[in-house]
Amino acid sequence: MSCETFEKLIALDAGGDLTPPEAARLQAHLGTCAPCRELARSVGESQSALKALAQAGVDEDALARWRRSLLARIDDEPRRRILPWRWAWAAAAAMALVALLAVPRMVRRPPSEAPVAHALPPASPNLNALPHPPQSVAQALPPASPSLNRLPHPPQSVAHALPPASQSPSVAHRRPRPRRAPAPSTEPLLVKLETPDPNVVIYWIVEGKGN
Amino acid sequence: MIESMMAAGEGGLLRDAKAGDRAAFEQVIMRHERRVLLTALHLLGRWEDAQDAAQEVFVRLHRYLDRFDDALDLAPWLYRMTVNVCRDIGRKRREHAELDPDAADPACGPEHTAGSAEQRRILQSVLRKLPEKERAALVLRDVEGLPAAEVARILNSSEATVRSQVSSARLKILKLTERFRRERT
């Protein structure tokens with residue numbers, strides 16, 4: 001190893017930046033090389049002078065003037081209030097999720113293909129626009145709730161859900177059993193909500209699974 | 001060093017400063033102003049430039065205060081910003097590269113003798129002749145006394161690169177100082 005290579009180790013050693021094996025190798029060389037020992041001494045002195053730079057004080061008057069000037073500059077400049085990054089990312093992710101869920105459905109099921117239920121504010125469902133249950137069921141069951149009326153017709157007769165008339169017809173009329181959910185339908189229902197602002201119309205797609 | 005700079009209660013001061021407490025922000029400035037000013041002075045070599053750089057560092061701190069996590073140390077960010085601002089100022093003012101070693105230097109207290117003041121002026125002069133990245137690594141490692149790993153993080157570099165830069169810079173400082181003294185005598 002040449003003295004030129006050891007120069008780099010000498011410079012690192014002056015700041016205590018050598019690994020133990022490197023330091024041992026350098027010490028072995030310094031034991032046999034006078035010019036490198038002289039270089040090590042000079043670098044050590046230079047290093048001490050550099051460290052002394054950190055001890056420099058600052059004139060207190062100059063410091064006070066500088067600080068006054070800084071504070072005046074800060075007072076003139078309004079602070080930039082920003083949306084914290086994590087909230088910005090969360091908002092962007094939420095918007096992307098909404099777009100991913102809503103846009104394909106709107107494209108797949110244009111409003112003209114799906115039955116539309118109109119609702120005018122205040123939010124009272126327009127029952128006329130909804131499909132009616134069969135007459136026999138309307139008699140056998142208590143009045144259906146508006147939310148149930150939004151569902152399409154069950155494909156099978158609701159009479160199957162009732163106990164056979166031969167068992168206890170009177171009970172069937174007085175105490176109707178809870179209405180069984182209609183069979184799943186694949187047809188989605190599109191609910192259109194009109195707002196007082198004619199430019200704002202809200203479409204709500206209800207999955208056609210009977211629930 | 002960084003831990004010592006991060007005195008207890010700084011998180012509270014930062015929180016208050018974020019809420020618009022000007023006095024709290026002034027306290028933050030007073031905790032770090034000497035370190036930022038002297039680091040800028042060692043990087044730029046001119047007191048006027050160092051004052052401009054340090055002001056810019058604290059103005060940016062104030063501007064982006066909302067981004068700070070109160071639990072994190074402020075010192076590494078201040079060092080990084082000081083290096084960046086000094087790099088920009090140094091590039092803009094390269095035409096004034098020649099430093100007058102006899103220029104007034106407010107960075108001296110009564111404890112400094114004439115000999116040490118002369119030594120400091122010579123060192124500040126030769127520091128300016130180092131390549132920008134070597135100067136930054138040397139100032140942070142040797143003058144500020146930060147560990148090499150911390151210097152690497154501040155400079156967005158590797159520890160091996162910092163070791164290489166520091167080694168080269170120490171040898172150059174020695175040679176430049178000897179040449180400077182020969183030319184002045």
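In which helices of chain A is confidence lowest and highest? Confidence is lowest in helix α7 (residues 146-149) of chain A, at a mean of 40, and highest in helix α2 (residues 20-30) of chain A, at 95. The confidence in question is pLDDT, the predictor's score for each residue on a scale from 0 to 100. The structure is a predicted model, in which local features need pLDDT of at least 70 and side-chain atom pairs count only at pLDDT 80 or more, while totals for chains, interfaces and linings use all residues. Residues are numbered from 1 along each chain as its sequence is written, and chains are lettered from A and ligands numbered from 1 in the order in which they are written.

Chain A has a mean pLDDT of 68, with 51% of its residues at 70 or more. The pLDDT is below 50 over residues 113-174 of chain A, a stretch that has 67 contacts in the model beyond near neighbours in sequence. A contact is scored when the C-beta atoms of two residues, placed from the backbone, lie within 7 Å. Where pLDDT is low, the predicted coordinates should not be read in detail.

The secondary structure of chain A comes to 8 helices and 4 strands, in the order α-α-α-α-α-β-β-α-α-α-β-β along the sequence. Chain B has 9 helices and 0 strands. Helices (H or I, at least four residues) and strands (E, at least two) are DSSP runs, numbered from the N terminus. Buried residues make up 12% of the 211 residues in chain A and 41% of the 185 residues in chain B. Burial is counted from C-beta atoms placed from the backbone: a residue is buried if 20 or more others lie within 10 Å of its own, exposed if 12 or fewer, and partly exposed in between. Of the contacts in chain A between residues at least 6 apart in sequence, 50% join residues at least 24 apart. In chain B, residues 24 or more positions apart account for 70% of the contacts with a separation of 6 or more.

The two chains meet through 36 residues of chain A in contact with 40 residues of chain B. On the chain A side, the elements giving two or more residues are α1 (3-14), α3 (34-53) and α4 (60-76) of chain A. By class, this side has 19 nonpolar, 6 polar and 11 charged residues. Here Ala, Val, Leu, Ile, Met, Phe, Trp, Tyr, Cys and Pro count as nonpolar, Asp, Glu, Lys and Arg as charged, and the others, Gly among them, as polar.

The 12 residues of α1(A) should span 16 Å at 1.5 Å a residue, and its end C-alpha atoms are 16 Å apart, in agreement. The expected span of a helix is 1.5 Å times one less than its number of residues. The buried residues of α1(A) include A:Phe6, A:Leu9, A:Ile10 and A:Asp13, and what covers the buried residues of this helix includes α2 and α3 of chain A together with α9 of chain B. Just after α1(A), A:Gly16 takes a positive phi of about 70°.

A:Ile10 and B:Ala40 touch the most other members of the largest nonpolar core, which has 64 residues. Helix α3 (residues 22-44) of chain B gives the largest share of this core, 10 residues. Such a core is a set of buried Ala, Val, Leu, Ile, Met, Phe, Trp, Tyr and Cys residues joined through C-beta atoms within 7 Å. Leaving aside neighbours within four places in sequence, B:Ala40 is in contact with B:Ala50, B:Ala53, B:Ala54, B:Thr82 and B:Cys86.

B:Thr82 lies in helix α5 of chain B. This helix (residues 75-92) has 18 residues and reaches 26 Å from its first C-alpha to its last, close to the 26 Å expected. B:Thr82 is buried, with 29 other C-beta atoms within 10 Å. Beyond its neighbours within four places in sequence, B:Thr82 is in contact with B:Val36, B:Thr39, B:Ala40, B:Ala53 and B:Val57. B:Thr82 and B:Ala54 are 28 residues apart in sequence and 6.9 Å apart in space, C-alpha to C-alpha.

B:Gln51, in helix α4 (residues 47-63) of chain B, is buried, with 21 other C-beta atoms within 10 Å. By contrast, B:Asn156 is exposed, with 9 other C-beta atoms within 10 Å. B:Asn156 is found in the loop between α8 (148-154) and α9 (159-184) of chain B and has a positive phi of about 55° although it is not a glycine.
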